[in-house]
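Open the structure in your viewer and keep the selection tool ready. We will go stop by stop.

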2 protein chains.
Amino acid sequence: MAPPPSSTISRVITLLLKIVMFTLLLASLVVLVTDTATISVDLFPDSTVHFDDIYTYRYVLASIIIGLVYSLLQTAFSLYHIATGNRLIAGDGAFVFDFYGDKAISYMVATGSAAGFGATKDLKALADAAKLDLDDYFDKAYASASLLLIAFFCAATLSVFSSYALPKMVN
Amino acid sequence: MAPPPSSTISRVITLLLKIVMFTLLLASLVVLVTDTATISVDLFPDSTVHFDDIYTYRYVLASIIIGLVYSLLQTAFSLYHIATGNRLIAGDGAFVFDFYGDKAISYMVATGSAAGFGATKDLKALADAAKLDLDDYFDKAYASASLLLIAFFCAATLSVFSSYALPKMVN
């Protein structure tokens, strides 16, 4: 049996990267939105803290959701491409869409992760100084930002691939 | 007089972008490292808060310095290229260096800016709630992150240029 042409291999590798990225983003989303803690403040002994009580985590959520929608769309495009041999977007448009899309989404995911790590580091230090027991809360936030960081590595790799695919269009 | 060839124009535009990026990073650095405030805590009525008292701002500083070193190096490369017509790195290496370098630095600057904005937003809210007068301190941090954001737009544009230059190598 003849080996598949290298373009088929690269399509499958790209598809796998997109699926891994989608899965990591989904895991990051679940960890973030289920991140709650109970603290005791003044008159309210059982106050619940949600992830969206921290402004930065709302940006992290936004970056995850935009990344999820994009990687789902891209996975569908890849499956269509592998199944039919044609691209859903005709002509050079597909290369340009992939190039700018992958680039923009990789920045989005990178900034979401960085903002999440930064805010968590400083707020955790403040919570420790104030003797608030929020270790689990911030550890879950770290976990979410870490998953997002690995998703970023997938996004950055996909962005390198779609940059190297540009010559196919220019010629 | 004949117009300069388009490659000369694109080299000059690239050089200008690198110089603007370097200037913005330098301004961002100055604003960040001179960001201090005086607060009154317990026994110490005149405690000085420096920028590096916030962990995230140390990362912001690191991203600025790495960006500065890289954009200075790239400016030197561009000047050499325009002056002599040759690239300092021979062969395909220059394209690959520009491509991966621009990409990595644009992620570095983007994450520095995002981390700076996120931490500032949440810490400012906490300082306000604690009735600490740190508005000027956090406003300067915002200014530094904003300059870094504009520097990121330069870096992202340069990264698009160096991606489009890849075909010159591949062929």
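The tour below tells you what to select and what you will find there.

**Before you start**

This is a predicted model, where local features need pLDDT of at least 70, side-chain atom pairs count only at pLDDT 80 or more, and totals for chains, interfaces and linings use all residues. Residues are numbered from 1 along each chain as its sequence is written, chains are lettered from A and ligands numbered from 1 in the order in which they are written, and side-chain values use heavy atoms, with hydrogens and water left out.

**Stop 1: confidence**

The mean for chain A is 90, and 95% of its residues reach 70 or more. Which helix of chain A has the lowest mean pLDDT? Select helix α5 (residues 166-170) of chain A: its mean is 71, the lowest among the elements of the chain. Helix α4 (residues 135-164) of chain A has the highest, at 96. Helices here are DSSP runs (H or I, at least four residues), numbered from the N terminus. Where pLDDT is low, the predicted coordinates should not be read in detail. For the complex, the predictor gives an ipTM of 0.91 and a pTM of 0.91.

**Stop 2: the core**

Select A:Y57 and B:Y57. In the largest nonpolar core, which has 70 residues, these two touch the most other members. A nonpolar core is a set of buried Ala, Val, Leu, Ile, Met, Phe, Trp, Tyr and Cys residues joined through side-chain atoms within 4.5 Å. Buried means under 20% relative accessible area, exposed over 50%, and partly exposed in between (1.4 Å probe, protein chains only). Now show what surrounds A:Y57. Leaving out residues up to four places away in sequence, A:Y57 touches A:L32, A:F51, A:G116, A:T120, A:Y137, A:F138 and A:A141. Contact means heavy atoms within 4.5 Å. In soluble globular proteins, nonpolar side chains tend to be buried together.

**Stop 3: a surface patch**

Select A:V12, A:L16, A:I19 and A:I82. Together they make a nonpolar surface patch of about 310 Å². Patch residues have over 30% relative accessible area and no salt bridge; like charges are joined within 9 Å, nonpolar side chains (Val, Leu, Ile, Met, Phe, Trp, Tyr) within 5 Å. Helix α1 (residues 6-33) of chain A gives the most, with 3 residues. A:I82 sits in helix α2 (residues 55-84) of chain A. Is A:I82 buried or partly exposed? A:I82 is partly exposed, at 34% relative accessible area. Neighbours within four places aside, A:I82 is in contact with A:R11, A:V12 and A:L15.

**Stop 4: salt bridges**

A salt bridge is a side-chain nitrogen of Lys or Arg within 4 Å of a carboxyl oxygen of Asp or Glu. How many salt bridges are there over all chains? The whole structure has 4.

- Select A:R87 and A:D98. Their closest N and O atoms are 3.5 Å apart. A:R87 is in the loop between α2 and α3 of chain A, and A:D98 in helix α3 of chain A. A:R87 is partly exposed at 33%, while A:D98 is buried at 14%.
- Select A:D139 and A:K124. The closest N and O atoms of this salt bridge are 3.0 Å apart. The pair links helix α4 and helix α3 of chain A, 15 residues apart.
- Select B:K124 and B:D139. This salt bridge has its closest N and O atoms 3.1 Å apart. B:K124 is buried at 17%, and B:D139 is partly exposed at 37%.

Key:
Areas by Shrake-Rupley, 256 points an atom, 1.4 Å probe, with all protein chains shown as cover. Helix = DSSP H or I, 4+ residues; strand = E, 2+ residues; numbered from the N terminus. pLDDT = per-residue confidence, 0-100.
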